[in-house]
Amino acid sequence: MKSFVFLTAALFLVAAVSASAYDEDDLPYDYYSKSCPKLEFIVHKKMEEWIKKDYSLAPALMRLHFHDCFVRGCDASILLDYEGSEKNANASKTLRGFEVIDDIKRELEKECPKTVSCSDILTVAARDATLAVGGPYWMVPYGRKDGTVSNAKEADQLVPMGHEVVTDLLELFQSKGLNVLDLVVLSGAHTIGRTTCESLQYRLYNYNGTKKSDTRLDHLYLNYLERKCRWASEYVDLDAVTPKKFDVQYYKNLQKGMGLLLTDQLLYKDSRTAPIVTALATQPDEFGSLFSASMVKMGNIQDYLSTDGEVRLNCARVNAPTNY
């Protein structure tokens, strides 16, 4: 018991030190206080409208933000739509929510033209999506610029697809300025949302070429998945117990062999991440606080110079030279 308490205290110390480092980031919280003071009101209202119509858009927008930030930083490059762009990569084929960002952008262009970047819109939309499904609130720093380059090959190389080992994930996160705690905490976003059966069929029928299932899977859960995932195009909830609730059930599932994606289940098998999973499984309030801090860190990933980028007028394409 003492070791568990010590571990928990250590996690929060790491989080506190990490968060304090990001308090001094160049991105300010009041960036639009004068130029677009109704920004958050407009985004929140639009998000409520969309999620009321389709609850699944909440996890979809959180995922869209993740994909954006891990390729070229949080620059809305995932929103650019042309042949060979990130949006059209294999890794992006199940992404959704683009129409929500476009709708918010149109409304903001009416209120404060040529002011709010698409990358800032996507970042705050992900925050409000989390809030809409019972997750925590956090303040969003603003001032990101929209990138002018988007490459499908980069997305396919960088975005995790659910079958990587923990070492690969840690290396990716560390390359973006994130740490092992961020990896486990941000993976907790899989407490809501769904994925296609295509991404896990190999675990059910031919794991590592054995023509058998992955032995890590709970046998009752395996039986359910085998019935559910006869077709690759079918969808399955990432959290089989509370799929529409933002909670710590995701971590409890990992302890029971009910991690849907291999990358999730391996978090409970690796000595670097398993203790964090164990700690978070019993501490929902702390998970919310840590998730907020990690989302701010992820939202601050910038792989471009502050002088680069633009404020797109249309999130799907770069501005024409005549717009300047």
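Rings of Phe, Tyr and Trp, the last taken as its six-membered ring, are paired here if their centres lie within 6.5 Å, with planes under 30 degrees apart counted as stacked, over 60 as edge-to-face and the rest as tilted. The model is predicted, so that local features need pLDDT of at least 70 and side-chain atom pairs count only at pLDDT 80 or more, while totals for chains, interfaces and linings use all residues. Residues are numbered from 1 along each chain as its sequence is written, and side-chain values use heavy atoms, without hydrogens and water.

**View 1. Aromatic rings.** By the ring rule, the count comes to 13 aromatic pairs. Ring pairs join W138, F246, Y250, Y251, F287 and F291 into a cluster.

**View 2. Charges over rings.** A charge sits over a ring if NZ of Lys or CZ of Arg is within 6 Å of the ring centre and within 35 degrees of the ring normal. The charged end of R194 sits over the ring of Y235, 4.0 Å from its centre, and that of K244 sits over the ring of Y55, 5.8 Å from its centre.

**View 3. The surroundings of P243.** P243 lies in the loop between β2 (235-237) and α11 (249-255), where helices (H or I, at least four residues) and strands (E, at least two) are DSSP runs numbered from the N terminus. Leaving aside residues up to four places away in sequence, P243 touches T191, I192, G193 and D237, contact meaning heavy atoms within 4.5 Å. The C-alpha atoms of P243 and L57 are separated by 13 Å, and these residues are 186 residues apart along the chain.
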